[in-house]
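User: I have a model open and would like to go through it with you. Could we begin with one of its sheets and then move to the core?

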Amino acid sequence: MSKPPLPIDVLINEYGPHPQHVPAGGWTVGEPDRLVATHCCFCGQQCGINLKVKDNKVIGFGPREDFPFNRGKLCPKGVKRYMQNEHPDRLLHPLRRTDSGFQTISWDEAYDVLVREIRRIQEAHGKDAFAMLSGVSLTNEKSYLVGKFARVALQTANLDYNGRLCMVSAGAGNKKAFGIDRAANSWDDILLADVVMVTGANVAECAPITTDYIWRARDRGAKLIMIDPRVTPLARTADLHIPVRPGGDTALMNGILHVMIERGWIDEDFIARYSTGFDAVREVVKKYTPDHAGDLSGVHPALIVRAAEMWGPEKTSFLLHARGIEHHSKGVENVLSCINLVLASGRIGRPGCGYATITGQGNGQGGREQGHKCDQLPGNRDIENPEHRKYIADVWGISEAELPRKGASAQELMEMAHEGRIKGLLSICFNPLVSLPDANFTREALSRLEHYTAIDFFMSETARHADVILPGSLHEEDEGTATSAEGRVIRIRKAVDPPGEAREDWKILLDVAERLGRGQYFKFNCAEDMFNEMRVASRGGTADYYGITYDKVERNNGVFWPCPEPDHPGTPRLFENGVFYTADKKAHFNAVEHRPPVEVPDETYPVVLTTGRVVSQYLSGTQTRRIGGLVDQYPEPLVEMHPELAARHGLKSGDLVTVESRRGRVTLTASVVNTIRNDTVFIPYHWAEEKSANLLTIRALDPVSKIPEFKACAVRLRKA
Ligand SMILES: Nc1nc2c(c(=O)[nH]1)N[C@H]1C(S)=C(S)[C@@H](COP(=O)(O)OP(=O)(O)OC[C@H]3O[C@@H](n4cnc5c(=O)[nH]c(N)nc54)[C@H](O)[C@@H]3O)O[C@H]1N2
Ligand SMILES: Nc1nc2c(c(=O)[nH]1)N[C@H]1C(S)=C(S)[C@@H](COP(=O)(O)OP(=O)(O)OC[C@H]3O[C@@H](n4cnc5c(=O)[nH]c(N)nc54)[C@H](O)[C@@H]3O)O[C@H]1N2
Ligand code: SF4
Ligand SMILES: [Mo]
């Protein structure tokens with residue numbers, strides 16, 4: 001049942017959504033003085049890139065053939081990233097809100113206002129009334145620093161990060177099943193797989209270099225199964241595409257497993273020796289016959305049987321998923337249903353046998369280990385575990401009692417701001433007004449804060465609500481490390497100084513800590529100092545970086561964690577020899593049932609809305625909406641809809657359509673394509689204000705991971 005490629009009728013930009021091999025010399029405006037070997041600042045693939053520098057300016061880039069992951073290839077964003085450094089919109093001075101707009105002030109004045117407000121709010125309402133939000137475009141060093149800064153300098157429990165919108169469902173599922181939160185394999189194992197299953201991931205547009213790995217596997221004869229409500233660019237070439245209804249994934253995976261068990265395609269030996277919990281799963285999936293699972297997930301039962309036939313009997317396989325299954329009020333359960341499929345086939349921890357979530361943000365992997373999650377301490381330790389607390393308190397030189405306990409998660413913090421329980425906020429590297437669901441609610445919450453300071457290098461939409469804005473540093477203006485989607489720790493190198501009065505992010509936090517009277521805990525002179533303290537803090541945790549040094553990362557072009565000792569080579573493939581990171585060292589099956597999304601279509605709001613990305617824009621768009629070449633490729637959000645749905649509403653491509661949910665409405669241009677289910681519309685979310693998809697989305701959270709349900713809510717359409 002191999003499907004031929006479909007005609008390409010969604011918008012494809014001038015470069016196409018596929019990885020490009022950059023011309024040998026790269027692209028440059030003028031002659032550079034030097035090359036700085038570093039990585040792309042955008043997605044979790046962390047492609048190697050050479051920045052060309054002249055007179056303290058980044059003037060171009062070149063490919064880095066020496067970096068094994070991308071071997072000289074980049075996507076359109078990597079190609080244009082260098083254009084931010086000299087951008088006229090860069091914030092060059094601290095700013096303060098006045099009645100007539102933002103006014104330039106000195107660093108001292110800015111710090112004085114911030115510190116005065118922190119003190120005032122904390123004295124009046126308690127330490128936890130001042131919250132911090134952070135982000136994982138930040139390096140490992142800065143992520144570690146933010147975690148320590150919030151707990152030791154601000155002394156608040158209420159710190160969380162933007163990975164709460166991104167990686168947490170996968171993280172919670174992986175910890176439950178495997179005891180560790182990392183891709184189980186380096187991408188090299190994709191090359192050896194006989195069948196690759198991709199669900200809820202628009203690989204060609206969002207992890208473009210992964211496309212190259214899948215293509216190379218297919219050159220060897222591997223089969224590709226893609227599960228997505230849309231026929232994404234990579235799905236057009238797949239052997240099997242399953243157009244799941246948003247929210248139907250647990251049922252679908254249970255259905256595939258049902259058929260595998262029925263046909264005897266499970267590895268009973270692996271299950272008996274290396275896992276627990278399979279009996280409960282076997283029991284639960286009994287009722288997920290292809291017909292029943294097909295009903296619940298909105299797909300033809302024959303597709304479920306076909307997927308089982310393609311996945312079940314193979315000797316090697318790789319399953320990849322991303323936010324399409326994770327951005328749900330049952331995101332963790334969706335992840336567990338995928339892991340059940342992998343474990344039942346026994347194909348993990350061996351060459352060509354793998355599983356991974358495709359981490360999204362640049363340092364989405366490292367940033368979720370170093371302790372700026374509300375429930376976490378460095379090394380992926382648990383902030384409520386007495387031993388973990390004691391260990392970190394000792395590393396930081398404070399008493400265990402002084403260490404705050406678990407705080408609220410990102411969306412919950414915004415709800416607390418709305419209720420007036422959070423009065424002050426310091427944010428770095430997060431643009432919640434664009435990226436949180438129900439933007440009207442977020443705007444209201446921000447307007448209720450008594451004080452808000454934002455650290456950013458551009459004036460984000462959220463920063464417009466700030467009382468003070470501190471100009472921070474771009475990726476290429478600071479040293480550090482990041483950890484890629486594969487789990488590889490890599491070196492980010494400084495190419496230029498921050499422009500104007502802008503400062504390196506970490507120096508800003510150190511200055512504030514000093515002024516809060518906590519400077520003695522932050523005696524760092526450089527990024528490497530922070531890394532070395534972080535190594536010790538991570539030691540013995542599941543995310544153990546102790547054996548990794550800057551020198552080792554540089555010598556080896558990256559090191560995979562866990563790496564517990566200096567002479568340890570690092571761990572590209574986890575779970576070899578069937579050893580897992582759970583307390584009993586076994587992999588854990590988890591029986592999961594289908595649950596519908598919190599909001600399902602009805603007579604008033606009959607259409608499903610799902611949201612996501614396009615290749616040329618990145619996240620909330622603060623950076624990529626400012627780069628002309630990228631804007632040209634996809635200038636505004638389009639509402640993708642099927643011809644049948646369009647016809648029912650009298651719409652054709654190019655018409656303006658009003659999309660309305662119970663929370664808000666947007667009017668955007670329709671794009672009529674036959675690459676999407678006829679009951680679902682898709683809107684990319686990179687735009688702000690009246691073009692923001694998040695005016696429509698729902699504030700429904702997964703009860704375990706607290707991720708918002710970005711991928712399913714109910715809307716109605718009307719020709720505008
Ligand atoms: N170009 C670009 N690349 C990026 C980013 C970016 O903003 N732009 N961001 C980075 C980040 S932080 C992230 S998290 C990743 C995200 O990478 P992806 O998760 O691949 O991207 P999304 O577009 O959010 O969603 C993926 C797909 O899920 C599908 N989907 C929607 N609902 C469902 C469902 O219920 N089930 C299934 N199976 N599929 C569903 C959508 O149709 C979409 O094609 O990309 C990273 N890379
Ligand atoms: N509807 C809908 N909403 C979504 C999603 C979806 O699929 N659909 N996806 C969600 C996902 S997966 C994610 S990851 C979030 C992302 O949401 P956000 O984290 O809010 O998005 P970013 O654009 O990364 O915002 C980061 C801000 O930090 C700044 N910044 C970047 N790097 C640095 C740095 O090194 N230092 C400093 N000081 N500032 C920096 C940028 O200029 C930007 O203003 O959005 C989520 N929201
Ligand atoms: S955005 Fe991602 S895939 Fe594109 S060049 Fe940067 S790291 Fe590579
Ligand atoms: Mo993300």
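User: Which residue in β23 does T481 stand opposite?
Analyst: In this predicted model, T481 has R491 of β23 opposite it.

User: How many bridges join β22 to β23, and which way do the strands run?
Analyst: There are 4 bridges between β22 and β23, the latter covering residues 488-492, and the two strands run antiparallel.

User: In what order do the strands of that sheet come?
Analyst: The order is β22-β23-β24, an open sheet of 3 strands with antiparallel pairing. Its edge strands, β22 (480-483) and β24 (559-560), each pair on one side only.

User: Which helix packs on the sheet?
Analyst: Helix α3, residues 140-154, packs there and touches β22 and β23. The direction of α3 makes about 95 degrees with that of β22.

User: Now the core. Which residues touch the most other members of the largest nonpolar core?
Analyst: That core has 113 residues, and those with the most contacts to other members are M132, F149, F178, I256, I348 and F522. Helix α13 (residues 331-345) supplies the largest share, 9 residues.

User: Why does this core lie between domain 2 and domain 3?
Analyst: Because both domains give residues to this core. Domain 2 comprises 106-163 + 363-451 + 482-494 + 506-560, and domain 3 is 168-357.

User: What does I348 touch, leaving aside residues up to four places away in sequence?
Analyst: I348 touches F178, A184, F270, V342, L343, C353, Y355, F575 and F580.

User: Which residues does the second core include?
Analyst: This separate core has 45 residues, among them I49, V203, V231 and L234.

How values were computed. Residues numbered from 1 in each chain as written. Chains lettered and ligands numbered in written order. Predicted model: local features only at pLDDT ≥ 70, side-chain atom pairs only at ≥ 80, totals over all residues. Heavy atoms only, no water. Pairing = 2+ DSSP bridges. Contact = heavy atoms within 4.5 Å. Axes fitted to C-alpha atoms, helices over the stretch in contact; angles between N-to-C directions. Core = buried A, V, L, I, M, F, W, Y, C linked by side-chain atoms within 4.5 Å. Buried < 20%, exposed > 50% of the residue type's maximum accessible area, 1.4 Å probe, protein only. Domains from an automatic or database assignment.
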